[in-house]
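Good morning, and thank you for coming. I would ask you to keep the sequence and the structure in view while I speak.

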Amino acid sequence: MLADDIEGIALQTLDAAETGLDKAIADTGLRYTFYLLTQIVLSAREKDWQAGLVKIGIHLSESATLFDLTVEVQNVIDDYLALHGRPSDVGEMAQQAAGEAIATLAGPKATTLFGSGRNELQAAIRELSTKKGFSEFGQKFFGRFLAYFLNFYLSRITAAQLGGKRLQQIGDLSRFNESLQVHCEQSARIVHDFCGEWYSKTEFREGIDLDNTSRFMAVALKKLQAELKRQRAES
């Protein structure tokens, strides 16, 4: 199975992907997406969550679901890019990673014995607003983003091999992508503590804004690059 060699295959793409990661640091969509995530979890601490969300352009009804929140997040990012930049592949990957991170971590807790709605959703998101919660949130986001990013380069390889001895059917490709995702989320462990510490200290000292989020993003991506290089050196 190709998935058995997922680490080696992923690392082989690093040379091609490294320049792209350097450029990703300056991507407006990536920066703004992560900034928006910080504002969503911080707003969940407020008594009137809806009022906090409105400040960042998100509107949720009383019966809003996790799906409604992710749709609103995508719309806000699209609106921002329409005014301050333009859509990009990196930005699209960041949006997908954000939606999946929210769904994976908050989704199972957004439905309770009392039902599902905005209040239950707020409680689920609030758990991500702690230092520990945001550490997990950050790792999940960067893991999913890295998986999308590497797969952008790997897709040409996997598409060429589909039908060959190692990728004989679409099911093999699906398992390959699942293995890549797991590998990237494990690799993103390198930014787990960094995310929580930055989030907690920055919010306490000065408040989180787009500028300090952008500086954080540059360091986080460099940490991910260093981790992939370390894996390559040890392989």
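This is a predicted model: local features need pLDDT of at least 70, side-chain atom pairs count only at pLDDT 80 or more; totals for chains, interfaces and linings use all residues.

Residues are numbered from 1 along each chain as its sequence is written, and side-chain values use heavy atoms, with hydrogens and water left out.

Let us start with the overall picture. The protein chain holds 11 helices and two strands; helices here are DSSP runs of H or I with at least four residues, strands are runs of E with at least two, and both are numbered from the N terminus. Along the sequence, the order is α-α-α-α-α-α-β-β-α-α-α-α-α.

How much of the chain is buried? Of its 235 residues, 50% are buried. Buried means under 20% relative accessible area, exposed means over 50%, and partly exposed lies in between, with a 1.4 Å probe and protein chains only. The chain exposes about 11,600 Å², and carbon and sulfur atoms supply 51% of that area; the areas come from the Shrake-Rupley method with a 1.4 Å probe, and for residues only the protein chains shown count as cover.

Among contacts between residues at least 6 apart in sequence, 78% do so, where contact means heavy atoms within 4.5 Å.

I turn now to the salt bridges. The structure has seven of them, a salt bridge being a side-chain nitrogen of Lys or Arg within 4 Å of a carboxyl oxygen of Asp or Glu.

One of them joins the side chains of R118 and E62, at 2.6 Å from N to O. R118 lies in helix α7 (residues 118–126) and E62 in the loop between α4 (49–54) and α5, so this pair ties together parts that are 56 residues apart in sequence. Are these two partners buried or exposed? R118 is buried, because its relative accessible area is 14%, whereas E62 counts as exposed because its value is 54%.

Another salt bridge brings together the side chains of R144 and E185, with 2.4 Å from N to O. This pair links distant parts of the chain, since R144 sits in helix α8 (residues 131–161) and E185 in helix α9 (residues 170–187), 41 residues apart. R144 counts as buried at 10% relative accessibility, and E185 counts as buried at 16%. R144 and E185 also belong to a network of salt bridges that links them with E100 and K140.

A further example is R230 with E227, whose closest N and O atoms are 2.6 Å apart. These two residues are three apart in helix α11, so about one helical turn separates them. R230 is partly exposed at 40% relative accessibility, while E227 is buried at 11%.

Next, the charged patch. Which residues gather in a patch of negative charge on the surface? They are D78, D79, D89 and E92. Patches are made of residues with over 30% relative accessible area and no salt bridge, and like charges are joined within 9 Å. Asp and Glu count as negative, and the place of the charge is taken as CG of Asp or CD of Glu. Helices α5 (66–84) and α6 (89–106) each supply at least two residues of this patch. D78 is placed in α5 and counts as partly exposed because its relative accessibility is 41%.

T213 is placed in helix α11 (residues 210–234) and counts as buried because its relative accessibility is 0%. Beyond its neighbours within four places in sequence, T213 contacts R31, F34, Y35, W198 and I208.

I208 lies in the loop between α10 (192–205) and α11, and is buried at 8% relative accessibility. Although I208 and Q39 are 169 residues apart in sequence, their C-alpha atoms are 8.1 Å apart in space. Residues that I208 touches, not counting those up to four places away in sequence, include Y35, Q39, W198 and T213.

Q50 is placed in helix α4 and is buried, with a relative accessible area of 17%. With residues up to four places away left out, Q50 touches I58, H59, L60 and R118.

Definitions and conventions:
Patches are made of residues with over 30% relative accessible area and no salt bridge: like charges are joined within 9 Å, nonpolar side chains (Val, Leu, Ile, Met, Phe, Trp, Tyr) within 5 Å.
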